[in-house]
Amino acid sequence: VQLQACGGGLVQAGGSLRLSCAASGRTFGGYAMAWFRQAPGKEREFVAAITWSGSSTKYANSVKGRFTIFRDNGLNTVYLQMISLKPDDTAIYYCAATQGGNYYRDDFSTGNLMQYWGEGTLVTVSS
């Protein structure tokens with residue numbers, strides 16, 4: 001599976017962005033998808049995840065209520081809608097995919113279970 005993320009950019013605090021991640025190659029079917037981010041000088045952190053069916057989602061506490069992850073399996077694409085952006089949201093955002101069952105593991109948010117990663121898209125939020 002190849003993942004290509006896009007949609008990043010420069011936005012003022014309080015603004016919105018929608019990231020997209022298109023999958024190609026092997027079938028998209030059965031994969032749980034996630035977004036992670038890495039800010040300058042910081043470690044990678046989990047942002048959000050969604051099951052293959054879209055019936056379950058989970059979020060980092062720092063983005064709950066502001067970010068929404070959703071997917072369109074017909075288009076092999078997962079999205080991250082971000083609103084009320086803060087300067088602390090500035091980071092490179094990566095999409096990732098893993099076998100569906102891994103979604104339910106307690107260590108999912110470490111990122112170590114992810115099998116495929118996209119190259120990332122930069123989000124910069126100005127104050």
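Predicted model: local features only at pLDDT ≥ 70, side-chain atom pairs only at ≥ 80, totals over all residues.

Me: How many disulfides does a search of the whole structure find?

Reply: In general, a disulfide is a covalent bond between the sulfur atoms of two cysteines. The cut-off here is a pair of cysteine sulfur atoms within 2.5 Å. The search of the whole structure finds one: Cys21 and Cys95, with sulfurs 2.0 Å apart. The torsion about their S-S bond is about 60°, so the disulfide is right-handed. Cys21 sits in strand S3 (residues 17-24) and Cys95 in strand S9 (residues 91-99), so the pair ties together parts that are 74 residues apart in sequence (strands are DSSP runs of E, at least two residues, numbered from the N terminus). Cys21 is buried at 0% relative accessibility, and Cys95 is buried at 0% too. Cys6 is in no disulfide; the nearest cysteine sulfur, that of Cys21, is 8.5 Å away.

Me: And which side chains meet Arg37 in a salt bridge?

Reply: The idea is a side-chain nitrogen of Lys or Arg within 4 Å of a carboxyl oxygen of Asp or Glu. Glu45 meets Arg37 at 2.5 Å, N to O, and Asp89 meets Arg37 at 2.9 Å, N to O. Asp89 lies in the loop between S8 and S9 and Arg37 in strand S4, so this pair ties together parts that are 52 residues apart in sequence. Arg37 is buried, with a relative accessible area of 5%, and Asp89 is buried at 2%, whereas Glu45 is partly exposed at 34%.

Me: What about Asp107: which side chain does it meet in a salt bridge?

Reply: That of Arg105, at 3.0 Å, N to O. Asp107 is partly exposed, with a relative accessible area of 30%, and Arg105 is partly exposed at 41%. Elsewhere, salt bridges that share partners join Arg37, Glu45, Arg66 and Asp89 into one network. The search of the whole structure finds four salt bridges.

Definitions and conventions
Residues numbered from 1 in each chain as written. Heavy atoms only, no water. Helix = DSSP H or I, 4+ residues; strand = E, 2+ residues; numbered from the N terminus. Buried < 20%, exposed > 50% of the residue type's maximum accessible area, 1.4 Å probe, protein only.
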